[in-house]
Amino acid sequence: MNRFQPAYNSWLAAPAHQQWLTAEAARLADFAKASRLAEGFGPLDDSGQLADTTAQTLITTRMTHSFALMHLKGVPGYAGYIDHGIAALEGCLQDPEHGGWYNTANMARDEGKAAYLHAFVALAASSAVAAARPGATELLAKAIRIIEKHFWSETEGAMREAFDRAWANEEAYRGANSNMHTVEAFLALADVTGEVKWLERAVRICARVIHQHAASNGHRVIEHFSPGWAPALDYNHDQPADPFRPYGSTPGHAFEWARLLLHLEAALSLRNLDAPAWLLADARALFAKACHTAWHVDGAPGLVYTLDWNDQPVVRQRMHWVHAEASSAAAALLQRTGESEYEQWYRTFWEFSATYLLDTIKGSWHHELDAYNRPSAQVWGGKPDLYHALQAVLLPTLPLARSLATGVGEPVVTKL
């Protein structure tokens with residue numbers, strides 16, 4: 001569903017902007033090649049050197065997904081990296097006894113299994129399937145089995161959060177973040193399997209987390225819940241800068257949810273399924289609230305990391321992923337509506353990223369800036385993550401109704 005065909009003066013349709021996005025994707029992906037380890041992929045420091053010699057499953061999944069996108073885009077040299085990621089996820093990162101995946105290659109065997117991580121395994125496997133890499137189908141089947149057996153709750157219409165290694169004890173917590181990335185994974189699963197149940201499940205997640213809870217909270221995304229889905233508004237009040245479970249609202253997630261709602265609407269419409277009107281309405285409201293409360297809120301350009309429930313900044317750092325998701329959400333809303341305010345926000349966010357986040361000296365993007373837009377490392381040190389920035393430069397050129405891997409891999413028809 002691309003309701004809007006952008007006018008030539010839109011950056012989305014400007015050849016120079018599209019060329020810039022393509023060049024930036026190549027620069028980012030080339031930098032990330034250094035993350036390869038014998039057992040998977042690991043985090044990079046600010047200079048692009050390995051910061052840790054232990055492979056991490058989250059980074060391995062995100063790199064595998066990202067390198068699959070580059071391969072599907074038609075850039076040579078990434079097939080081997082996809083295959084390396086598949087081998088790692090089928091190797092020491094996988095728990096051969098109880099099933100599922102460890103956090104790291106040398107993980108203490110009493111650590112648990114999280115929905116957040118397993119959603120990324122499913123995403124990586126889906127992208128590898130779209131790239132037609134050997135072993136990808138088998139990996140995807142394993143990921144789906146684990147999700148359906150342990151994480152998906154048909155009663156709740158959402159994902160359980162985490163278990164111990166043997167799946168015997170469940171964490172007494174429900175999280176919006178893990179469910180958000182599950183929506184992303186389910187969109188990809190729908191594309192590569194052809195099964196609409198993944199879209200139906202994605203609608204149920206979005207209805208609970210966004211249309212029920214966020215909408216009733218002024219479209220501030222509530223991140224943390226009890227097992228019965230009661231909001232836990234004071235969760236991690238004493239650890240406000242947690243990288244995965246921060247206190248308060250996280251504007252970056254509002255942008256990310258907004259974009260995913262539009263992808264879901266388009267995916268449903270493409271298959272002639274009912275697309276609830278609230279998907280677009282809530283996407284608009286999430287975007288508007290995040291822009292109003294987080295942009296320039298402390299007097300300096302940029303979007304702050306977190307806010308309290310009175311919309312006051314808590315952690316004022318500017319995260320690269322927040323701005324990546326903001327520009328992607330603006331592009332999706334512009335594609336969907338054609339409204340000029342989204343064009344202006346799209347340009348505003350990219351101007352900020354180009355000015356402050358892109359590191360043209362050492363490579364990649366600064367992952368974190370302080371409140372004065374200087375490189376910082378309070379929450380995220382180094383440059384371990386290709387996923388958000390790469391997606392930000394790919395999404396504006398793709399149709400809304402496809403997950404990234406299938407959208408990038410759409411065949412190009414050439415008239416001879």
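Guide: Start with the second largest cavity. Its volume is about 70 Å³. This is a predicted model. Two elements give two or more residues each to the lining of this cavity: α8 and α9, the latter covering 278-294. The top contributor is α9, with 3 residues.

Now step back. The structure has 5 cavities of 30 Å³ or more. The largest cavity holds about 90 Å³ of space. Its lining includes His 65, Leu 123, Glu 184 and Leu 187. Arg 259, Leu 260 and His 263 also line the largest cavity, and so do Gln 391, Arg 402, Ser 403 and Leu 404. Helix α8 (251-270) supplies the largest share of this lining, 3 residues. At least two residues come from α6 (176-193). By class, the lining of the largest cavity has 4 nonpolar, 4 polar and 3 charged residues.

The largest pocket has a volume of about 490 Å³. It is lined by 22 residues, and those closest to its centre are Asn 103, Ala 114, Tyr 116, Leu 117 and Phe 244. Four elements, α2, β3 (113-114), α4 and α6, each give at least two residues to the lining of the largest pocket. The largest share is from α6, with 3 residues. The lining of the largest pocket counts 8 nonpolar, 9 polar and 5 charged residues.

Helix α2 supplies the largest share, 4 residues. The classes in the lining of the second largest pocket are 13 nonpolar, 6 polar and 3 charged.

Of the 16 residues in α2, 15 are buried. After the helix comes Gly 74, with a positive phi near 100°.

Helix α4 gives residues to the largest pocket. Val 129 lies in α4, which covers residues 115-130. Its relative accessibility is 22%, so Val 129 counts as partly exposed. Leaving out residues up to four places away in sequence, Val 129 touches Ala 136, Thr 137, Leu 140 and Val 192. Leu 189 is 60 residues from Val 129 along the chain, yet their C-alpha atoms are separated by 10.0 Å.

His 224 counts as buried because its relative accessibility is 3%. Its side chain reaches the backbone oxygen of Pro 246 at 2.7 Å. Beyond neighbours within four places in sequence, His 224 is in contact with several residues, among them Tyr 173, Arg 174, Ala 230 and Tyr 235.

Technical notes:
Residues are numbered from 1 along each chain as its sequence is written. This is a predicted model: local features need pLDDT of at least 70, side-chain atom pairs count only at pLDDT 80 or more; totals for chains, interfaces and linings use all residues. Side-chain values use heavy atoms; hydrogens and water are left out. Buried means under 20% relative accessible area, exposed over 50%, partly exposed in between (1.4 Å probe, protein chains only). A polar contact is a pair of N or O atoms within 3.5 Å; within protein, one must be able to donate a hydrogen and the other to accept it, and residues adjacent in sequence count only if both atoms are side-chain atoms. Contact means heavy atoms within 4.5 Å. On a 1 Å grid over the protein atoms alone, a cavity is a set of points where a 1.4 Å probe fits but cannot get out, and a pocket is an open set with protein on both sides within 12 Å along at least five of seven lines; lining residues have an atom within 4 Å of a point. Grid points are joined across faces, edges and corners, and a volume is the space filled by probe spheres set on the points. Ala, Val, Leu, Ile, Met, Phe, Trp, Tyr, Cys and Pro count as nonpolar, Asp, Glu, Lys and Arg as charged, and the others, Gly among them, as polar.
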